[in-house]
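The sequence and structure are shown first.

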Amino acid sequence: MPKNKSSVAVIGMQWGDEGKGKIIDLLSENAQHIARAQGGNNAGHTVVAQGQEFRFHLIPSGILYSHTRCYLGGGIVIDPPSLLAELDDLSRHGVPYVKRLYISLYAHVVLPYHRLIDQLLEKEKGAAAVGTTGRGIGPCYTDKVGRCGIRVADLLNPSVFSAKLQANLAMKNRELERLYGHSPLEFMPIFQEYTSYRERLAPFAAPVEELLFAAAKKGEKILFEGAQGTLLDITFGSYPFVTSSCTLSGGICAGLGFGPSKVDRVIGVAKAYTTRVGNGPLPTELSKEEEAFFPDHGASREMGTTTGRKRRRGWLDAFLLRHAMCLNGVDTLALTKLDILDDLDEIKICTGYKHCKTFPATVEELSCAIPIYESHPGWKKSTREVRVYEDLPHLAKAYVRRIEELSEVPISLISVGPEREKTLWLDRFFNE
């Protein structure tokens, strides 16, 4: 008998911001469980539903469907004030979340010294700064690996939290004073602040790993929500211009304590072009002349959900895309923002880099990469009102099929706008 496709992972194929939020929102309609495995509030998903725009940084966007249960796994780092602000925003919009949101006891907690050190370290690096969000994500993961982190389980125990916070502050204050010339942080204000967070977050703490195992055993539909993108992975991304967690499909298993044999399908999400936020190489980056042919950053929705920064833009990099396929074991692609290319006379696709047989492993090589382009005529027609693939302009279909040829996987979904209805389905991801 064929294996039931009851669990699906959604992974970004570029440098994040690929439009995963919309894809996850669409798939959540048929899912029972939505789980996030890694990252923190340095990631962001924007979803337009029922005429309202929702911005998520920690909570899975599937929370908008009342029938779903949502999970934050042990691989996540949680900034309590950010999470509580999202919950308050859901309340303002009338979205229920009690007994629908579960937080792993193994997740690490972002503290004020993490945010402060993040910002001071970026300033210290000067021109070599990574371009982080300054949210303390990297320093929190550093403490996790350094075995001095504070987890949700610790936060829930007042005496344990007090002891660990005092020990950590002793170390962090030495770092702040001696390395950065910054005044020390006081224990009591932080302890009192996080005590108030504990009271609000305690009802959501749960054995996420066992709940997901039980759901998988029953064959219930589980959607795994990736954060950031493949080229931001801490190991395989454009290091050091990366995030601090595993953004690959393998990170789903490690960050949720979920066996790899239970993930049935991996969906890669890619834009019809390429973007990235922050510093680091972008081989197909548009020239100033080429930028003039694209819609402005506001019209093309290319402002960061978390930072508000303008995203850097480039032509679709199929060489990078194939590399991302390799790292994630992708079964199918969701192509987003095709509509942004509607008015272009010429559209380029990078098919490789000169003198590179394989994707460059170092940022120095990637920064010097010379793209090999092929040119495609633009369709010069709006795709925003198209609702079935057959009605796309002929040249738009040719562009989509060329991406399939180069990536060597089928495209199952095409997005032509941020709204749910502006979606062309070529396949359905969950078994109906």
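This is a predicted model: local features need pLDDT of at least 70, side-chain atom pairs count only at pLDDT 80 or more; totals for chains, interfaces and linings use all residues.

The volume of the largest cavity is about 80 Å³, and the second largest cavity holds about 40 Å³ of space.

## Lining of the largest cavity

The residues that line the largest cavity are Ile-78, Pro-80, Ile-103, Val-109, Val-152, Leu-155, Leu-156, Leu-201, Ala-202 and Ala-205. By class, this lining consists of ten nonpolar residues, with no polar and no charged residues.

## Lining of the second largest cavity

Around the second largest cavity lie Arg-36, Ala-43, Gly-44, His-45, Phe-56, His-57, Leu-58, Ile-59, Glu-225 and Ala-227. The classes here are five nonpolar, three polar and two charged residues.

## Packing of helices α3 and α4

Helix α3, spanning residues 112-125, packs against helix α4, spanning residues 137-145, at an angle of about 115°. The axes of the two helices are 7 Å apart, and their crossing is right-handed.

On the α3 side, the contact is formed by Tyr-113, His-114, Ile-117 and Asp-118. Helix α4 contributes Ile-137, Pro-139, Cys-140 and Asp-143. Taken by class, the residues of this contact comprise five nonpolar, one polar and two charged.

Technical notes. Residues are numbered from 1 along each chain as its sequence is written. Side-chain values use heavy atoms; hydrogens and water are left out. On a 1 Å grid over the protein atoms alone, a cavity is a set of points where a 1.4 Å probe fits but cannot get out, and a pocket is an open set with protein on both sides within 12 Å along at least five of seven lines; lining residues have an atom within 4 Å of a point. Grid points are joined across faces, edges and corners, and a volume is the space filled by probe spheres set on the points. Ala, Val, Leu, Ile, Met, Phe, Trp, Tyr, Cys and Pro count as nonpolar, Asp, Glu, Lys and Arg as charged, and the others, Gly among them, as polar. Axes are lines fitted to C-alpha atoms, for helices over the stretch in contact, and angles run from 0 to 180 degrees between N-to-C directions. Helices (H or I, at least four residues) and strands (E, at least two) are DSSP runs, numbered from the N terminus. A crossing is left-handed if the near helix is turned anticlockwise from the far one by less than a right angle, and right-handed if clockwise. Contact means heavy atoms within 4.5 Å.
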